[in-house]
Amino acid sequence: MSRGFARRGMRALAAATAAAVLLTGCVSWFMPSRPSTTSTPTGEDVPAELVPFYHQVLTWTGCGAGMQCTTVTAPLDWSDPGGDTIELALIRQPATGGKARGSLLINPGGPGGSGVSYVRDSIDYAASETLQREFDVVGFDPRGVGASTPVTCTATDAELDEFIYGIIPGERGSDAWIAAAEDDFRAFGEGCLEHTGPLLAHVDTISAARDLDLLRAVLGDEQLSYLGYSYGTYLGARYAELFPERAGRLVLDGAIDPSVSESEVNLTQARGFESALDAYLEDCLGRSDCPFDGTLQAARTRIAQLLRDLEAKPLVGDDGRRLGAGTMFNAIILPLYNRGNWTYLDELLVETMDGGTDTAFFLADIYNDRDASGAYSNNGTEAFLAINCLDYPSDGDPATMRAQAAQLAREAPVFGPWMAFGGTQCPQWPFPSTNERGPITAPGSPDILVVGTTNDPATPYLWAQALASQLERGHLVTYRGEGHTAYGTSECVTDVVDDFFLDGVVPAADPMCDR
């Protein structure tokens, strides 16, 4: 697996959000700042060692643009709540209608996506005007992420640059290349442990789901209202599994199948990205300004060759960074998340085939949350790796990896080769995964909506079908279209979701939305 993809294999909504904000224009709103207020916790009965956490009173302080911010104290280790603690960062937009039905918590995906940044910068992407009017919309940074107590792996941005954009020496898949990739990741993990400390062992999704219940209680909500995108669907499903009696109305958009293995994730996503690329190329070939001519297969072959050429001989950018196949892969897939950004692929492919690197690094930097000065706006890379290495058991056997690489190359010849050899990474992590992948049924939970898009490149539709069928009371809502996630993109899906949050309306059958 290419190092670039490994960090972002499921970081769908975070990447899509970055593209939407930076490529199509920022969302802004103008509301006066509100004074400090407090939240009243539910005061529910909990074990004595949890009372200091579940009964804490939050003080909200205005933090611009009508938003309010606060922090919540949580146990570092939920199995030892009397030990060290961490902080969880929250932001909310109070209900614009003046009286809130309660809180609507939103997770934008990742893992590693910042809910604080998402709600602060892009609330109109996060929730409709209808939901904003009726709910306090709350963004939160999960443990290890962003403004919460973070995972940190390097001392400088230059060190992170080297990890993200550096190129592993040797022939991909050879013994020497595998050994170098393992050494590289092992050193990075050791840096994460050095800079993060004990938290690194406790950023798994089950711990984050326990945090989510804490947030529900301190916000004063008897039941959780939750909208999770991409990875956020896995967090929401885990919550429903752990706390079915406290789950209120949960919507999971761009679903992840919790039963799939790391290798299955790679293969399914590789097929998804290939399908999205085909959709782009079919559209492109019908335009007079398309950088390709001839057949769809000829265009696919040209892109595959471009990636092989960059693997063999990377291009050098103006700042000295080398553009290899892994970085180019990230640059290509970012616009595939959102049909509205496909035109960037025209510019990217024309320029790179002509030996230029500006657009490729521009897109890859958005993908990696890196600004033009070389600074990283958040710790999404570190958090993504730390969380996934705890969530996904990984097989580092070279023979297994080579067999998986051959299958990826057969079934996804453009992208598959750059999504192989993921087993060089998490087996070197300081803490092994203790999680077992399997279906989530959440017996005893109320109705849960699972939204899937038929040509979603990052979380393929079959995962939404799988999760909806696993959940005891899961209901599939299909959007027949392109792109990653559907709420806010499809008017039909948005109406179904809003009706569910507002009135508990569950479609009698899958609405099969096409608008």
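This is a short tour of the structure above, one selection at a time.

**Before you click**

You are looking at a predicted model, where local features need pLDDT of at least 70, side-chain atom pairs count only at pLDDT 80 or more, and totals for chains, interfaces and linings use all residues. Residues are numbered from 1 along each chain as its sequence is written, and side-chain values use heavy atoms, with hydrogens and water left out.

**Stop 1: the whole chain**

Show everything as a cartoon.

Of the 515 residues, 59% count as buried. Buried means under 20% relative accessible area, exposed means over 50%, and partly exposed is in between (1.4 Å probe, protein chains only).

Contacts are worth a look too, a contact being heavy atoms within 4.5 Å. Take those between residues at least 6 apart in sequence: 77% of them join residues at least 24 apart.

**Stop 2: the disulfides**

A disulfide is a covalent bond between the sulfur atoms of two cysteines. Here the cut-off is a pair of cysteine sulfur atoms within 2.5 Å. How many disulfides does a search of the whole structure find? The search gives 5. Number the bonded cysteines in sequence order and the pairing reads 1-2, 3-4, 5-6, 7-8, 9-10.

Zoom in on three of these links:

- Cys63 and Cys69 have their sulfur atoms 2.2 Å apart. Their link is right-handed, with 75 degrees about the S-S bond. Cys63 is partly exposed at 35% relative accessible area, and Cys69 is partly exposed at 24%.
- Cys284 and Cys290 have their sulfur atoms 1.9 Å apart. This link is right-handed as well, with 105 degrees about the S-S bond. Cys284 is buried at 0% relative accessibility, and Cys290 is buried at 12%.
- Cys492 and Cys513 have their sulfur atoms 2.0 Å apart, and their link is left-handed, with -55 degrees about the S-S bond. Cys492 lies in helix H18 (residues 491-503) and Cys513 in the segment after H18, so the pair ties together parts that are 21 residues apart in sequence. Cys492 is buried at 12%, and Cys513 is buried at 1%.

**Stop 3: helix H17**

Select residues 461-470. Is this helix largely enclosed or open? It is largely enclosed by the rest of the structure, because 7 of its 10 residues are buried. Colour Tyr461, Trp463, Ala464, Ala466, Leu467, Ala468 and Gln470 to see the buried ones. What covers them? The cover includes helix H9 (231-242), strand E8 (247-253), helix H10 (262-285), strand E11 (448-455) and strand E12 (474-482).

**Stop 4: helix H14**

Jump to residues 358-367. H14 is mostly covered, with 8 of its 10 residues buried. The buried residues are Thr359, Ala360, Phe361, Leu363, Ala364, Asp365, Ile366 and Tyr367. Then step along to Asp369, which follows H14 and has a positive phi, near 60 degrees.

**Stop 5: Ser225**

Finish with Ser225 in strand E7 (residues 224-229). Ser225 is buried, with 14% relative accessible area. Which residues does Ser225 touch, not counting residues up to four places away in sequence? They are Ser103, Leu104, Leu105, Phe135 and Arg249.

Notes:
Helices (H or I, at least four residues) and strands (E, at least two) are DSSP runs, numbered from the N terminus.
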